Amino acid sequence: MERHPSPHIRSVTRINYVRNLLKKSTSTLASFAVLFSTAGCATAQAEQVTSAPAPVTTAAPSETPAGPALWKIADDDTTIYLFGTVHALPDDLDWKTGQIGAALETADTLVTEVVVSDSNTAEMQKIVAAKGMLPADQTLRALLNDDQRAKYDAAMTGLGLPTNAFDRFKPWYASLLLTMIPLAQQGIDVANGVEKSLEASTRPEVKREALETAEYQLSLFDSLSQESQIDMMMKTIDGQDKVAEQLEAMIADWLAGDADGLARLMNESIDEPALLERLLYQRNRNWAQWLQKRLDIPGTVFVAVGAGHLAGQNSVQEDLTKMGIKVDRVQ
């Protein structure tokens, strides 16, 4: 007679799966969190002041090679490439097409949102433990009302996890896990993301820099009110069945170099201007200022940031244009 694992054994296996998933994805955890918390904001963008400058077009000129979008800014002795990334991808996806490889090969500096290295995993785990855990006298499920708890319990059960598995986690952290797990189960993993691949394939002698720290990125969520965190988690649960489909659509537009299409996909659910300002727009302005200063240093720089920052209204390119810096799309 065929023997099947007991529910307890299956539960332990699932928990170990989650632990392994977190361990191998810790270095890109913060950027992944930002990506999926900004996946959808058309309503908020429509509410922007109508007198704002027209957004920079992100459509590719007809003569540019097909593939993920690539831009550049330059002066007499400095060239900076701007590449939009996707933080979680299926395995063995070929995206280094057109001019991406050549641009990366000529770069003397690789810049990502945060440091991408297995060597900083232990430090990142400490940061997550410090920012992602509730006080000892609180549990996640106790923070929810009856309707929220019922929906949350159903989501956990649907993932094959005990309903109390995330009880020590703050709502923003649980929200992230509730996004990552279904994706990983379908083979879409942060371990296959663009940043990991860039780090592995870039020559050791190329200097590495980061625009932000992981601690700063996670603090963007940790500083949200508890009510906002719970709301974010419940919206994640409501869209859990469609998250893989949504990301696959994003990946398709990204591979096609359709930055405008990508912006539309990422901008259709978040209707909170304050959250958009915190997670996208303010950071885009900060990065544009960093890029302006970086032009004063000779060399070739390859900057890789989440594709949502290089698409739509208030993008990095738009901010650079407002500063008088010409942005050319090369792919």
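1. **Ground rules.** This is a predicted model, in which local features need pLDDT of at least 70, side-chain atom pairs count only at pLDDT 80 or more, and totals for chains, interfaces and linings use all residues. Residues are numbered from 1 along each chain as its sequence is written, and side-chain values use heavy atoms, with hydrogens and water left out.

2. **α7 and α10.** The angle between α7 and helix α10 (residues 226-238) is about 15°, and their axes are 8 Å apart. Axes here are lines fitted to C-alpha atoms, for helices over the stretch in contact, with angles from 0 to 180 degrees between N-to-C directions. The crossing of α7 and α10 is left-handed, that is, the near helix is turned anticlockwise from the far one by less than a right angle (clockwise would be right-handed).

3. From α7, Pro171, Trp172, Ala174, Ser175, Leu178 and Thr179 meet Gln229, Ile230, Met232, Met233, Thr236 and Ile237 of α10; contact means heavy atoms within 4.5 Å. The residues of this contact are 8 nonpolar, 4 polar and no charged. In this classing, Ala, Val, Leu, Ile, Met, Phe, Trp, Tyr, Cys and Pro are nonpolar, Asp, Glu, Lys and Arg are charged, and the others, Gly among them, are polar.

4. **α6 on α10.** Helix α6 (residues 146-158) also meets α10: their axes come within 10 Å and cross at roughly 50°. α6 and α10 are therefore oblique to each other, and their crossing is left-handed. Gln148, Lys151, Tyr152 and Ala155 of α6 meet Ile230, Met233, Met234, Ile237 and Asp238 of α10. Sorted by class, the contact of α6 with α10 holds 6 nonpolar, 1 polar and 2 charged residues.

5. **The chain as a whole.** The protein chain has 14 helices and 8 strands, taken as DSSP runs numbered from the N terminus (helices H or I, at least four residues; strands E, at least two).

6. **The cores.** The largest nonpolar core has 33 residues, and those with the most contacts inside it are Phe83, Trp95, Leu198, Leu247, Trp254 and Phe302. Elements that each supply at least two residues of this core include β2 (78-85), α11 (243-255) and β7 (299-306), and α11 gives the most, with 6 residues. A second, separate core of 32 residues includes Met156, Tyr173, Leu218 and Leu224. Such a core is a set of buried Ala, Val, Leu, Ile, Met, Phe, Trp, Tyr and Cys residues joined through side-chain atoms within 4.5 Å.

7. **Two buried residues to look up.** Met250 is in helix α11 and counts as buried because its relative accessibility is 2%. Val206 is in the loop between α8 and β6 (207-210) and is buried too, with a relative accessible area of 4%. Not counting residues up to four places away in sequence, Val206 touches Ala107, Asp108, Thr109 and Leu110. Val206 and Ala107 are 99 residues apart in sequence, yet 7.3 Å apart in space, C-alpha to C-alpha.

Methods: Buried < 20%, exposed > 50% of the residue type's maximum accessible area, 1.4 Å probe, protein only. Parallel < 35°, antiparallel > 145°, perpendicular 65-115°, else oblique.
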